[in-house]
2 protein chains.
Amino acid sequence: MSRTTINDIAALAGVSKGTVSRVLNGHPRVSERSREAVWRAIEQTGYRANVHARSLATGRNNAIALLIAAASDQLFSDPTFAELIEGVRDGLLETDLSLVILMGGSETEDHRTVSYIKAGHVDGLIHLNPFFDDAITAGLPDCALPLVLCGPRPPIPLPRQNWVVTLDDAGGVRQALDHLASRGAHKIAMIGGDPRGVSATVRFQAYRDWLGASFDPDLFEPGDYGAGSGQVALARILDRHPRVDAVFCASDRMAIGALETAYRRGLHVPEDLLVMGFDDHRIAALADPPLSTIRQPIREIGRTAVQTLLAAIAGETPSDKVFPTHLVVRDST
Amino acid sequence: MSRTTINDIAALAGVSKGTVSRVLNGHPRVSERSREAVWRAIEQTGYRANVHARSLATGRNNAIALLIAAASDQLFSDPTFAELIEGVRDGLLETDLSLVILMGGSETEDHRTVSYIKAGHVDGLIHLNPFFDDAITAGLPDCALPLVLCGPRPPIPLPRQNWVVTLDDAGGVRQALDHLASRGAHKIAMIGGDPRGVSATVRFQAYRDWLGASFDPDLFEPGDYGAGSGQVALARILDRHPRVDAVFCASDRMAIGALETAYRRGLHVPEDLLVMGFDDHRIAALADPPLSTIRQPIREIGRTAVQTLLAAIAGETPSDKVFPTHLVVRDST
DNA sequence: CAATGGTGGGTAACCGGTTCCAGCGAAGTT
DNA sequence: AACTTCGCTGGAACCGGTTACCCACCATTG
């Protein structure tokens, strides 16, 4: 009644378990006759190797973890995460590795996550959104696993083996601001992302640098990437500066919230106010009016993160990758 | 340089590895002296048992899987999933089991998911949203793992060991409709959930049964639980039946979409149109106007699902659990 | 003082794979 | 014909835990 093991296959195929193992792992020096006999036995029984026995013997887990610093309610409302995860799954498709999603957020969760990693369940880590005060990342330096960051490298101690696969945040911001300026904007506000995240800060700094001496802190308002925060943020900015003629948002969802506020205040987009998003998520094209935005190759970032991590696990030394962004002009600017 | 093993601990504590194992597993017949020596050695070295060796020896995985039939973009936009997962994590908190989230959706994904389960990675399954034509569920009957369904039991072959932990969908629908009727509604429309899901169908049937002879198929419109679909669905219903005086939505997000359509059409809520949601998600209270809805103890369902599954894994025979819903009256009715 | 009973703990088998090593037979070389 | 060489395979050790079994030891008891 118990599962079939490699011994059963060996007996059935009339070979030793060593040979069965060699067949399973594609070892080159196995005779055609043995190989066939083994595969026949496997098909006949529906045999599947025991993952734990294999991991114990090889020392590999055949699994990687996806770290997410945000609490799960944020995670589950952010389509960018969904797409990044899709990309990661794409990258994993051809391998037989499995993917464990670990979420942080609360102190308990962060602790459990670090503990899980240290218990040796996985061979490598992909961190989706590094924070500054990231308890997960903070707990990692002393564990020897390779780590790939999908975002700018945070200024805290990191594991020795770490790589960055991300987009050119600063370049994207400059593309957006250049575009708004070319459309005649003089007073450009910005609605930023969650300030705990490293990439949000990089985007903010790019905005401040671009404005130089004319930077005005009252024209900046942080958000949390969600539509609601964009709505509130633009309202606050308009209360302080009714003459704002353009607003650049660090996510498409916040831009859609901003559109809502503009609508309620009787401001026409793009005549009275230029609005830009970031991401080029599906919802950007469906907005009213369709949203100009900065496209980031989010899915490809996910795929590349996996490739980089696999290379690192295999002992190679991959390099960091920073993807360029693209300006997408629609009707909101 | 390699990890410390149970042998190192045994040597350090001056006992045999059997004793170390007994200490680790809380075996009662270990002397105070040995126990202390072992714990001291463990603290000193930061020892952690190898999960694979343990699983191999015990035959247990110490892991359960969470199945989600929907594609990941749906998953990541549905706050109900997020909360259900929170509940599951709550339930798992005291155990040392780990949680693997498996998403279906496409044919490849479903296949990979079933394959993962059959490879023997987990000890039990929690299925979050059973579908009718659910490839994951369909692939499960012949694997002997216990399965807990967070939703009505679908009318397809299931694994022998299966339990249901869910809410009283039909009762909730009746509560909503009774309430709308008590507010004077005569022509009650319904916006349903994704018709592939079993619980959406149960809710629809409850609606039809409640209306009896006066049921009119033109007053029903399916959605996908998202705000956008609620918006479109109410528009369609109003086009067919401008005199509708109440609409019951199978999710709060769809209800919020419906509010938007009502607003755009100049209908005042609740004067011209009563609107009800389902779930009592956080957003319901924040809607404008605040949404009357049916509260479901979603988080508790998650917690209970875990308890039921753990009991089943332990060889006990738990019973199905159906939670009652509660009417929450706010300003939209 | 011998028989008894219970407790603590050492030993070894076992879980199901991988991999190194040695041996064997066939083919090639001198 | 004897000696290499080479491809293939069986056997055994090993990965790091758990657990059944057995024995030594000590405290009771008759």
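Predicted model: local features only at pLDDT ≥ 70, side-chain atom pairs only at ≥ 80, totals over all residues.
User: Let's start with the DNA. Which residues come nearest to DNA strand C?

Analyst: Look for residues with a heavy atom within 4 Å of the strand. Here 26 residues are around DNA strand C, and I6(A), S21(A), S16(B), S31(B) and S34(B) come nearest.

User: What does a polar side-chain atom of S21(A) lie 2.5 Å from?

Analyst: A phosphate oxygen of DNA strand C. With R22(B), look at the base: a polar side-chain atom sits 3.0 Å from a base nitrogen.

User: Which element gives the most to the surface near DNA strand C?

Analyst: That's α4(A), with 5 residues. α2 and α4 of chain A, and α2 and α4 of chain B, each supply at least two. By class, the surface has 10 nonpolar, 10 polar and 6 charged residues.

User: Now the two chains. How much area do chain A and chain B bury between them?

Analyst: The size of an interface is often given as the accessible area lost when the parts come together. For chain A and chain B that's about 3,300 Å², with 52% of it on carbon and sulfur atoms. In contact there are 38 residues of chain A and 38 of chain B.

User: And how many salt bridges does the rule find across that interface?

Analyst: It finds 2. You can look up a salt bridge between the side chains of R89(A) and E109(B), at 2.1 Å from N to O. The side of chain A that touches chain B has 17 nonpolar, 11 polar and 10 charged residues.

Notes
Residues numbered from 1 in each chain as written. Chains lettered and ligands numbered in written order. Heavy atoms only, no water. Polar contact = N/O pair within 3.5 Å; in protein donor to acceptor, adjacent residues only side chain to side chain. Helix = DSSP H or I, 4+ residues; strand = E, 2+ residues; numbered from the N terminus. Nonpolar A, V, L, I, M, F, W, Y, C, P; charged D, E, K, R; others polar. Contact = heavy atoms within 4.5 Å. Buried area = accessible area lost by both parts, 1.4 Å probe. Salt bridge = Lys/Arg side-chain N within 4 Å of Asp/Glu carboxyl O.
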